[in-house]
Each structure stands twice: as C-alpha cells, then as structure tokens.
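Hi everyone, thanks for making time for this.

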Amino acid sequence: MAVATFTTLPLEPWKPLTKKPLPAGLPREWYITHNRRLKAMRLAIALMDSGVYAPSQADDATIRTTADRIGMHAPSGITCRMVRTLLRR
C-alpha cells in the first residue's frame, strides 16, 4: 500500500543561494561560455516577465533594450541567439 507524504516548506523568507567560486584551471573559452549562458538565462527570464514568450517577438533590439532596463551590458549577437534558443524551449 502506497502512502503519500507531505513536506512542509520553511516559513522563513526566500534567501538567495551563496555563490561558489568557479573551478580553476579550465580553458578561458569555458568561462566565457559559462558567463554567456548565465547572461542569456537572466535575459530570457526578464523577457518572459515582460510578456515576450516567443523567439519571433525577441529581436536583437528588444533583447538589448531589456538588458539595458535590468542594468546589464548589451549582449552580443551570439548571446541574443542563445536567448532566443532558451525562449524556444
């Protein structure tokens, strides 16, 4: 007989996770790609929060305007493509 269990969530307010340092000794390209993916993810979340859900709605100008609005440097064309890829999924 299966028994359902319930877990209770803590009542304390949400706290961000502590940042961990990136691993040392990897090629420079790995760090560049890693940071670009993080930036694309933050931009995709900001776009979805503003009502842009389809890649066809997110041209480079829209993505760069969103980056400026949230206080981020303007993304490159590669990062803009990554944002559209994330919106596609």
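Predicted model: local features only at pLDDT ≥ 70, side-chain atom pairs only at ≥ 80, totals over all residues.

Helix α1 covers residues 28-49 and helix α3 covers residues 77-88, and they pack at an angle of about 55 degrees with their axes 9 Å apart. The two are therefore oblique to each other.

Which residues of α1 and α3 make the contact? From α1 we have R36, R37, K39, A40, M41, L43, A44, L47 and M48, and α3 brings I78, T79, M82, V83, L86 and L87. Sorted by class, that contact has 11 nonpolar, 1 polar and 3 charged residues.

Now to helix α2, residues 60-69, where the buried residues are I63, T66 and A67. Looking down the axis of α2, these buried residues fall within an arc of 100 degrees, so they line one face of the helix. As a reminder, an α-helix has 3.6 residues a turn, so residues three or four places apart point the same way.

What about the face of α2 turned away from its buried side? There you find the exposed residues T65, D68 and R69. Back on the buried side, the cover over those α2 residues includes α1 and α3.

One last stop: after α2 comes G71, with a positive phi near 80 degrees.

Terms used:
Residues numbered from 1 in each chain as written. Heavy atoms only, no water. Axes fitted to C-alpha atoms, helices over the stretch in contact; angles between N-to-C directions. Helix = DSSP H or I, 4+ residues; strand = E, 2+ residues; numbered from the N terminus. Parallel < 35°, antiparallel > 145°, perpendicular 65-115°, else oblique. Contact = heavy atoms within 4.5 Å. Nonpolar A, V, L, I, M, F, W, Y, C, P; charged D, E, K, R; others polar. Buried < 20%, exposed > 50% of the residue type's maximum accessible area, 1.4 Å probe, protein only. Arc of directions from axis to C-beta.
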